[in-house]
Amino acid sequence: MRKLIICLMLVSGFGVSPILAQSDLTTFILVRHAEKGDDDPRDPSLSPEGKARAERLAVLLKDQPISAVYSTPFKRTRSTAAPVAQLHQLQVMDYDFRSPTYLAEMLKKHQGGTVFIAGHSNTTPMVANLLLGEQRFEQLDEKEYGKLFIVTVSALGKGTVTVINY
């Protein structure tokens with residue numbers, strides 16, 4: 001927890017003009033869904049290991065002021081986001097990563113807040129890249145589940161990122 005708090009403090013102040021007010025910064029916490037089961041090849045649930053990881057993630061983020069929780073419309077992403085949403089008394093909202101305006105809409109709606117987004121091995125780095133305005137991250141390996149991208153932006157394409165493993 002201490003490591004996450006330090007990371008959040010660091011990213012909120014680096015790479016952004018010092019004249020910006022704290023409320024002008026929006027933080028996105030991006031995560032790939034936890035380990036998936038083998039119950040349904042098209043829309044699998046989380047495995048027992050994945051359920052445990054989702055619970056650990058919620059505990060890790062329990063003291064963070066999360067203002068919104070988003071997920072793609074699949075069981076594995078919703079189940080990863082659900083413990084975080086429950087702990088913060090929020091609903092998991094769907095987003096469509098194919099929409100050209102979803103990030104701008106999230107940023108406008110939650111400006112100055114912290115937004116949690118559960119995605120996939122391809123969409124999570126893609127969202128980080130869109131927020132940063134540069135191609136920094138590649139698709140995650142199929143067996144990689146424990147990366148957390150913390151992206152703080154003043155505007156789309158203007159931000160900083162910290163990546164930690166949990």
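Predicted model: local features only at pLDDT ≥ 70, side-chain atom pairs only at ≥ 80, totals over all residues.
Colleague: Which residue meets Asp43 in a salt bridge?
Modeller: Asp43 lies in the loop between S1 and H2. Its partner sits in helix H3 (residues 75–87), 33 residues apart from Asp43. N to O, the two side chains are at 3.9 Å. The partner is Arg76.

Colleague: Is Arg76 buried or exposed?
Modeller: Buried means under 20% relative accessible area. Arg76 has 12% relative accessibility, so Arg76 is buried.

Colleague: Which ring does the charged end of Arg76 sit over?
Modeller: Asp43 touches Phe74, Lys75 and Arg76, not counting residues up to four places away in sequence. One of these carries the ring, and the charged end of Arg76 is 5.1 Å from its centre. That ring belongs to Phe74.

Colleague: Which residue has its backbone nitrogen 2.9 Å from a polar atom of the Asp43 side chain?
Modeller: Asp43 already has a salt bridge with Arg76. Here its side chain lies by a backbone nitrogen instead, at 2.9 Å. The residue is Lys75.

Colleague: What is the distance between the closest N and O atoms of Asp96 and Arg98?
Modeller: The two residues form a salt bridge. Asp96 is partly exposed, because its relative accessibility is 36%. Arg98 is exposed, at 64%. Their closest N and O atoms are 3.1 Å apart.

Colleague: Which ring face does Arg98 lie over?
Modeller: Arg98 has a salt bridge to Asp96. Arg98 also lies 5.6 Å from a ring centre. The ring is that of Phe97.

Colleague: Arg136 and Glu134 meet in a salt bridge; what is the N to O distance?
Modeller: Arg136 is partly exposed, with a relative accessible area of 44%. Glu134 is partly exposed too, at 39%. The distance, N to O, is 3.3 Å.

Colleague: Which residues are linked in a network of salt bridges?
Modeller: A network joins several charged side chains through salt bridges. Its members are Arg32, Lys36 and Glu142.

Colleague: Why do the buried residues of H4 lie on the same side, and what arc do they cover?
Modeller: The buried residues of helix H4 (residues 102–109) are Tyr102, Leu103, Met106 and Leu107. In an α-helix, residues three or four places apart point the same way, because there are 3.6 residues a turn. These four are on the same side of H4 because their arc around the axis is only 130°.

Colleague: Which exposed residues are on the face of H4 turned away from its buried side?
Modeller: The buried residues have their own cover, which includes S1, strand S2 (66–71), strand S4 (114–119), helix H5 (123–132) and strand S5 (147–155). The face turned away carries Glu105, Lys108 and Lys109.

Colleague: How many aromatic pairs does a search of the whole structure find?
Modeller: One of them is formed by Phe137 and Phe149. The search of the whole structure gives 2.

Colleague: What is the geometry of the Phe137 and Phe149 pair?
Modeller: Phe137 is in the loop between H5 and S5, and Phe149 is in strand S5, 12 residues apart. Both are buried. Their ring centres are 5.0 Å apart. Their planes stand at 80°, so the pair is edge-to-face.

Key:
Residues numbered from 1 in each chain as written. Heavy atoms only, no water. Salt bridge = Lys/Arg side-chain N within 4 Å of Asp/Glu carboxyl O. Helix = DSSP H or I, 4+ residues; strand = E, 2+ residues; numbered from the N terminus. Buried < 20%, exposed > 50% of the residue type's maximum accessible area, 1.4 Å probe, protein only. Arc of directions from axis to C-beta. Contact = heavy atoms within 4.5 Å. Phe/Tyr/Trp six-rings, centres within 6.5 Å; stacked < 30°, edge-to-face > 60°. Lys NZ or Arg CZ within 6 Å of the ring centre and 35° of its normal. Polar contact = N/O pair within 3.5 Å; in protein donor to acceptor, adjacent residues only side chain to side chain.
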